[in-house]
Amino acid sequence: MMQSDAGYFPKRSSPCLCLNIRRASRAVSAFYEKMLEPSGLKIAQYSLLRHLEQTEPVTITRLAHIMRIDRTTLNRNMKPLLSAGLIAVHAGEDPRSRQVELTAAGKSALSSALALWDQAQASLQEYLGETETAQFNRLVAKLEALVP
């Protein structure tokens, strides 16, 4: 993890808040991707499996709502997980709906990735520090509230 010296960070911020947020998002995503690399999962796949673990069985529409992504993105993210046998899709109670659930292989992959995610999370929290982590979480929640 990159350390800072007395508040100096090697990348200059832009006057554009949107650009700064996008840059930070890419940097954090790249950091988590690198940490999760040994598991074979991407951060979006890990997130999907983690949400599924907490809500399964769940309809695709409900899972997209819970994850705050659109169904098209969710379906695209599900394809490699379906191909790898990490998730399964079945007809729901209503024949027009489909339910998603973790397979045994998905539970195993998630379990393996969890330790790597924990390391990434701890490293990032250590890098930011307790106060800045709390501030960051408040700011992100405020920004997410821009679009209900």
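Modeller: Helices (H or I, at least four residues) and strands (E, at least two) are DSSP runs, numbered from the N terminus. The model is predicted, so local features need pLDDT of at least 70 and side-chain atom pairs pLDDT 80 or more, while totals for chains, interfaces and linings use all residues. Residues are numbered from 1 along each chain, and side-chain values use heavy atoms, without hydrogens and water.

Biologist: Why is Arg 68 called exposed?

Modeller: Exposed means over 50% relative accessible area, buried under 20%, partly exposed in between (1.4 Å probe, protein chains only). Arg 68 has 64% relative accessibility and therefore counts as exposed. Arg 68 sits in the loop between helix 3 and helix 4, and has a positive phi of about 60° although it is not a glycine.

Biologist: What makes helix 2 roughly perpendicular to helix 3?

Modeller: The axes of helix 2 (residues 43-55) and helix 3 (residues 60-67) cross at roughly 115° and come within 11 Å. That angle makes the two helices roughly perpendicular, a class that runs from 65 to 115 degrees (under 35 is roughly parallel, over 145 roughly antiparallel, the rest oblique). Axes are lines fitted to C-alpha atoms, for helices over the stretch in contact, with angles from 0 to 180 degrees between N-to-C directions.

Biologist: Which residues of helix 2 and helix 3 meet?

Modeller: Contact means heavy atoms within 4.5 Å. Ser 47, Leu 48, His 51, Leu 52 and Thr 55 of helix 2 meet Leu 63, Ile 66 and Met 67 of helix 3.

Biologist: What does Leu 74 touch?

Modeller: Leaving out residues up to four places away in sequence, Leu 74 touches Leu 48, Ile 60, Leu 63, Ala 64, Met 67 and Ile 69.
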